[in-house]
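This report walks through one protein model, element by element. Keep the sequence and the 3D view open while reading.

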Amino acid sequence: MEPLLVLDTRESDSSWVDSVWTSTSDGVTSMTSVACETWGLVFWERHGAVHAAVTGPETRTGTAPVPSDARFVGIQFAVGTTLRAARMPDLLDSGITLPDTVRRRFELPGGSWEIPSADDAEALVARLVRDGAVERDPLVTAVAGGARPDAHERTVERRFRRATGLTRNGVRRIRRARSAAEALAAGQDVAVVVAAHGFYDEPHLARDLRRYVGRTAGRLRSGTGGAIALDAFGRAATPDRSLTGRRRTPA
């Protein structure tokens with residue numbers, strides 16, 4: 001089996017946070033990125049210098065460079081959560097490098113905050129919420145949590161696009177594809193994954209894996225194809241966790 005970029009991912013008890021992850025890039029200089037329906041904050045340290053960035057939702061797979069010999073901490077925010085300083089549609093398939101990460105602090109419009117460790121991620125998010133840097137759309141949050149919306153479908157779609165940059169169905173498909181890929185990478189049989197995740201058949205699974213994950217089912221099961229931003233072992237891979245991806249639950 002080829003070496004993979006191993007992500008240590010944990011769930012969060014914060015309703016504002018989808019997941020918190022850590023990683024190192026020893027020997028890895030590039031990776032296959034996996035589509036992600038949420039935005040995030042990522043911090044990394046390399047050769048004594050500390051860096052920070054906002055990452056936007058990603059609608060497709062691709063190849064991304066990885067700084068060598070770096071240690072990363074990432075926070076993926078929950079669907080419906082937004083960064084006050086940026087429009088989510090503008091962050092789609094993009095991101096923002098945050099300047100002036102000196103004295104282990106980072107800046108966003110309206111304030112400066114200490115760069116966290118993985119254990120401090122929820123405390124940082126609580127401060128960002130308290131200071132008004134992070135907000136959320138309660139309708140999108142409720143629908144993402146499985147509630148039936150007390151609003152017209154067009155209103156829900158408009159709010160989803162504003163809060164995520166994606167359609168409601170786009171959020172669902174990205175999350176389902178990643179969950180299926182995690183299950184395959186953990187060794188589950190293709191037919192089982194098709195049934196458990198609600199795909200019509202194996203060709204439909206293959207199509208979404210190609211679009212969102214950049215791996216075939218066979219390569220995911222064999223662990224070949226190089227480094228990939230996929231957590232096959234840190235979180236249990238479960239069927240489409242409703243729209244939200246929450247059991248509680250990105251890239």
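In strand β5, V54 is the bridge partner of L41. Two strands are taken to pair if DSSP finds at least two bridges between them. Helices (H or I, at least four residues) and strands (E, at least two) are DSSP runs, numbered from the N terminus.

The model is predicted: local features need pLDDT of at least 70, side-chain atom pairs count only at pLDDT 80 or more, and totals for chains, interfaces and linings use all residues. Residues are numbered from 1 along each chain as its sequence is written, and side-chain values use heavy atoms, with hydrogens and water left out.

**The chain as a whole**

The protein chain holds 8 helices and 12 strands. Of its 251 residues, 51% are buried. Buried means under 20% relative accessible area, exposed means over 50%, and partly exposed lies in between (1.4 Å probe, protein chains only). The chain exposes about 11600 Å², and carbon and sulfur atoms supply 51% of that area. These areas come from the Shrake-Rupley method with a 1.4 Å probe; for residues, only the protein chains shown count as cover.

In what order do the 6 strands of the open sheet stand? The order is β1-β2-β7-β4-β5-β9, with antiparallel pairing. β1 (8–10) and β9 (95–98) stand at the edges; each has a single partner strand, so one side of each lacks a neighbour in the sheet. From one strand to the next, the twist averages 15°.

Helix α2 packs on this sheet. It touches β1, β2 (17–24), β4 and β7 (70–77), and its direction makes about 50° with that of β7. Angles run from 0 to 180 degrees between N-to-C directions; the axes are lines fitted to C-alpha atoms, for helices over the stretch in contact. Contact means heavy atoms within 4.5 Å.

Which residues of α2 (residues 121–130) are buried? They are A121, E122, L124, V125 and L128. Seen down the axis of α2, these buried residues fall within an arc of 155°, so they line one face of the helix. The arc is that of the directions from the helix axis to the C-beta atoms. An α-helix has 3.6 residues a turn, so residues three or four places apart point the same way. After α2 comes G132, whose phi is positive, near 85°.

β10 (residues 105–108) and β11 (residues 111–114) run antiparallel, joined by 4 bridges. L108 stands opposite G111.

**Single residues**

| Residue | Relative accessibility | Class |
|---|---|---|
| C36 | 2% | buried |
| T164 | 2% | buried |
| H47 | 64% | exposed |
| D93 | 33% | partly exposed |
| R211 | 44% | partly exposed |

C36 sits in the loop between β3 (30–33) and β4. T59 is 23 residues away from C36 in sequence, yet their C-alpha atoms are 6.7 Å apart.

T164 belongs to helix α4 (residues 153–164). Its side chain reaches the backbone oxygen of F160 at 2.7 Å. A polar atom of the T164 side chain also lies 2.9 Å from the backbone nitrogen of L166. Such a polar contact is a pair of N or O atoms within 3.5 Å; within protein, one must be able to donate a hydrogen and the other to accept it, and residues adjacent in sequence count only if both atoms are side-chain atoms. Leaving aside neighbours within four places in sequence, T164 is in contact with P57, V79, G80, M88, L92 and V171.

H47 lies in the loop between β4 and β5. Its phi is near 55°, a positive value in a residue other than glycine. D93 is not a glycine either, and has a positive phi of about 55°. D93 lies in the loop between α1 (88–91) and β9.

R211 is part of helix α7 (residues 202–213). Beyond neighbours within four places in sequence, R211 is in contact with R60, T61 and R173. The C-alpha atoms of R211 and A177 are separated by 9.0 Å, with the two residues 34 apart along the chain.
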